[in-house]
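Subject: Structure handover

Hello,

Here is the structure you asked about. Please open it alongside this message and follow along.

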Amino acid sequence: IGNVLAAAMLWGFLSILILKDVRMQYDREKMSALLKYSLPLVLATLPGLVIRNADRILLVRYTSLEVLGLYALAMRFRMILEGFVLEPFHLGFGPFRFSIMNQENAARTFATLLTWFTLLLSFVGLLIILIAPETITLISTAAFYDAHKIVPLLMLATLLHGMHYVFQSGILITKKTKVIPLISTATAIANLAALYFLTPRFGAQGAALALVLTYCLDIALTYRSSQQVYPIPFELIRMGKIIFVTLLVFGASLLTSQLPFWRGL
């Protein structure tokens, strides 16, 4: 009820602001084009619900509420990266993408932007990974200390998910949105298969690994489909170097994981 009231208040306030400057008018042609473009995006959210919720359901089924608690705590750290980096970027990049799509250097701009965004995500994600063990020690009890072992995989999944939004540019610019529900359905099926295989064997880490594999498939299918209709010279080698160095620093950080609290901090 609280969420509904908050949304209603925001809707009412924004409606007043908009209607002061925009008059109500219906355009059948524009509505038809809008629905043709956006309905596939609506359908794509349904498989997305599977990816966002199946891990928790299967964790309870195959493990225990305690393991789910570890996973949920680790997810809080993923939400930091999403809330402070991913969501603001998505909100800004969406309008920016369409504002420059007809410029001659648009494709090159998208490619360079993704490289720098990958660097930002890797840096912030690595920082979160490094402080996770000590932070969890401060905010939880001993039963939850192992949650920091799940955080690196969730950071990697978030990095891949962030890259996907830019890889999707060609599909959205050329209005080939019909392929998006197909990709979402394929990745949702792959996610369920990975969860069924990995969760009973590896618990919360298996669920996190399933998420990583899901997003790997997602960006692979999206990249292939998008490049076919709108080629963008993405700097894949440079992005690969960024991720490789990030993994090296993470590997080095494991040497400090057994240190006493203050020395580790």
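This is a predicted model: local features need pLDDT of at least 70, side-chain atom pairs count only at pLDDT 80 or more; totals for chains, interfaces and linings use all residues.

**Aromatic rings**

The search of the whole structure turned up 8 aromatic pairs. One of them is F89 with F93, and this pair is stacked. Their ring centres are 5.3 Å apart, with 10° between the planes. Both residues belong to helix α3, which covers residues 65-99. They are 4 residues apart there, so about one helical turn separates them.

F93 lies in α3, whereas Y165 lies in helix α5, residues 151-167. The pair therefore ties together parts that are 72 residues apart in sequence.

Ring pairs link F89, F93, F110, F117 and Y165.

**Charges over rings**

Two arginines are worth a look. The charged end of R97 sits over the ring of F98, 5.6 Å from the ring centre. The charged end of R201 sits over the ring of F197, and here the distance to the centre is 4.2 Å.

**Helix α8**

This helix runs over residues 236-253, which makes 18 residues. Does the length fit, or what span should we expect? At 1.5 Å a residue, α8 should span 26 Å. The end C-alpha atoms are 26 Å apart, so the two values agree.

Which residues of α8 are buried? They are M239, I242, I243, T246 and S253. These residues cover an arc of only 90° around the axis, which means that they sit on the same side of α8.

The face turned away from that buried side carries exposed residues. These are I237, K241, F244 and L248.

What covers the buried residues of α8? The cover includes α4, residues 106-139, and α5.

Best wishes

How values were computed:
Residues are numbered from 1 along each chain as its sequence is written. Side-chain values use heavy atoms; hydrogens and water are left out. Rings of Phe, Tyr and Trp (its six-membered ring) pair if their centres lie within 6.5 Å; planes under 30 degrees apart count as stacked, over 60 as edge-to-face and the rest as tilted. Helices (H or I, at least four residues) and strands (E, at least two) are DSSP runs, numbered from the N terminus. A charge sits over a ring if NZ of Lys or CZ of Arg is within 6 Å of the ring centre and within 35 degrees of the ring normal. The expected span of a helix is 1.5 Å times one less than its number of residues. Buried means under 20% relative accessible area, exposed over 50%, partly exposed in between (1.4 Å probe, protein chains only). The arc is that of the directions from the helix axis to the C-beta atoms. Contact means heavy atoms within 4.5 Å.
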